[in-house]
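Please report on the fold, the helix packing and the metal site of the protein shown here. Keep it brief.

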Amino acid sequence: MIRSVQAAQRLDSRGHPTVQVDLTTDRGTFRAIVPSGASTGANEAIELRDGDNSAYGGQGVQKAVSNIRLVIGPALVQSGLKVDTDQRMIDCLLKHLDGTKNKSKLGANAILGASMACARAGAAHAGIPLYEFLRRESGAKKPFVMPVPFFNVLNGGVHSGNKMAFQETMIAPVGASSFTEAVQMGCEVYQKLKKVIVEKYGTSATGIGDEGGFAPPISQPHEALDLLVQAVSLAGYSGRIKFAIDPASSEFFKDGNYDIGFKDDKPNLQSSKQLTDLYRSLLQNYPIVLLEDPFAETDWDSWTEFNKECPVELVGDDLLVTNTKYVQEANEKRACNSMLLKINQIGTISEAIEAANLAYSFDWSVFVSHRSGETTDDFIADLVVGLRTGHLKSGAPCRGERVAKYNRLMDIEADLLGKGEKCLYAGSQFRVASKC
Ligand code: PEP
Ligand code: MG
């Protein structure tokens, strides 16, 4: 039984306020802290901000906090719902308490914090780890599959101060034999990359962006990929590490064109066709296995055209916003073959699971993601194992809020092996891990 629900305004990794929830049952107190995006999709559930410029430049979340204290908390306590068995009903109650389509009344940040804390409490009450609780909630099969970590080692877009339009350039150690080895490979490449950047651009170029990746003075995607080729080779992992890109292109889509010079002094407008040609040439020249948001959330035709002949995982982030409505639409339009899963895009754990299961039903992949504004909460590490998504992105192997997830995943791998549980590493099968 839920005894009380407390909430407080705390900070995320960018120094903006965020929501922290402490949910108390007769077994203890269970905490959740909510992440926040910068390159957000237009159709995401609404993150409630105070808009009071006298505090935190209007970014405060005191309204969301009081919605938990005054509305959500009392309703959860009075409901008598059980955390170990009733997560879906709890999330349904939260959704109905809000009553809007996009959770704009109570705030998706308030609702998600409560939903996450309930799941944590639920796992403790059931006497099982959170990943197993989430596996049962989702109906995923065993054995457990450890994900390939996609490390965002070069930051651009709205996450960094350099001129690089593309937001994320990632390395994926698909050739590792375990998650723990994949982390080692990623870290070694990250350190070599630092050396390559120092040699090429000097020590002042090793500053990092919001997700812990470097942000050297480059502007073109091939410059980023060339740096990675060099770093991977220096680390001795050529062939065992693949690449991925998230241009986050909704951020630079203006009047039907893509301005890949949007952070530069002069515009560099590209039509969808030109951008398509750029992607095709990058896919031919580099070992890229995944492309996320190559086109804007409103540019459906370009998605569909590109997906007709797409040799890699094509992930919808802003396009789908972890929402079954858009996943359904994208399947009808044959717009992509994978869903990015961000829990705060939809606002409850049950709805995020529902969206993942719908994506699986279309034979798509599911790619779990952190947000650029993160916290030390490692919930998504358990989620990726519970849902058997086979891969996740949680930024570079650098900065506490990023490594919290990778560290938790190494704990989970050690826990499973220690218990003698069968546990696979997704490796090159990361796209179809749910079917292993
Ligand atoms: C992304 O676009 O995939 C991302 C993680 O960035 P943000 O959290 O800023 O949306
Ligand atoms: Mg994205």
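At what angle do helix α4 and α12 pack, and how far apart are their axes?

## Helix packing

Helix α4 (residues 130–138) packs on α12 at about 50°, and the two axes are 8 Å apart. That makes α4 oblique to α12. Angles under 35 degrees count as roughly parallel, over 145 as roughly antiparallel, 65 to 115 as roughly perpendicular, and the rest as oblique. Axes are lines fitted to C-alpha atoms, for helices over the stretch in contact, and angles run from 0 to 180 degrees between N-to-C directions. The crossing of α4 past α12 is right-handed. Right-handed here says that the near helix is turned clockwise from the far one by less than a right angle; left-handed is the anticlockwise case. On the α4 side, the contact is made by Leu 130, Tyr 131, Leu 134, Arg 135 and Ser 138. On the α12 side, Phe 379, Asp 382, Leu 383, Val 385 and Gly 386 make it. Contact means heavy atoms within 4.5 Å.

Helix α12 (residues 379–386) also meets helix α13 (residues 400–418). Their axes come within 8 Å and cross at roughly 45°. The α12 and α13 pair is therefore oblique. This crossing, too, is right-handed. Ile 380, Ala 381, Asp 382, Val 384 and Val 385 of α12 touch Lys 405, Arg 408, Leu 409 and Ile 412 of α13.

## Basis of the model

The model is predicted: local features need pLDDT of at least 70, side-chain atom pairs count only at pLDDT 80 or more, and totals for chains, interfaces and linings use all residues. Residues are numbered from 1 along each chain as its sequence is written, chains are lettered from A and ligands numbered from 1 in the order in which they are written, and side-chain values use heavy atoms, with hydrogens and water left out.

Helices (H or I, at least four residues) and strands (E, at least two) are DSSP runs, numbered from the N terminus. Two strands pair if DSSP finds at least two bridges between them.

## The barrel

Eight strands close into a barrel. The order is β5-β6-β7-β11-β12-β13-β14-β15, with mixed pairing. Neighbouring strands of this sheet are turned by 30° against each other on average, direction ignored. Helix α8 (residues 300–308) packs on the sheet and touches β11 and β12. The direction of α8 makes about 160° with that of β12.

Strand β5 (residues 148–155) has eight of its eight residues buried, so it is largely enclosed by the rest of the structure. Buried means under 20% relative accessible area, exposed over 50%, and partly exposed in between (1.4 Å probe, protein chains only). Strand β5 runs antiparallel to strand β6 (residues 168–172), with four bridges. Asn 152 stands opposite Met 170 of β6. With strand β15 (residues 391–393), β5 runs parallel over three bridges. Here Val 148 has His 391 as its bridge partner.

Strand β14 (residues 365–369) is joined to β15 by two bridges, in parallel. Ser 369 is partnered by Lys 393 of β15. Two bridges also link β12 and β13, again parallel. Gly 316 faces Met 339 in β13. From strand β13 (residues 338–341), Ser 338 and Leu 340 point one way, Met 339 and Leu 341 the other, and all are buried.

## The magnesium site

Which residues hold the magnesium ion (ligand 2) as protein donors? They are Asp 246 (OD), Glu 292 (OE) and Asp 317 (OD), at 2.0 to 2.2 Å. Glu 292 lies in strand β11 (residues 288–292) and Asp 317 in the loop between β12 (313–316) and α9 (324–332), so the pair ties together parts 25 residues apart in sequence. The spacing of the donor residues is D-x45-E-x24-D. Both Glu 292 and Asp 317 are buried. Donors are N, O and S atoms within 2.8 Å of the metal (3.2 Å for Na, K and Ca); water is not among the atoms, so sites may look incomplete.

## The open sheet

A separate heading goes to the open sheet of three strands, β8-β9-β10, with antiparallel pairing. Its edge strands are β8 (253–254) and β10 (269–270), each pairing on one side only. Strand β9 (residues 257–259) pairs with β10 over two bridges. Asp 259 has Leu 269 of β10 as its bridge partner.

Gln 274 lies in helix α7 (residues 272–285). Gln 274 is partly exposed, with a relative accessible area of 40%. Gln 274 and Tyr 258 are 16 residues apart in sequence and 9.3 Å apart in space, C-alpha to C-alpha.
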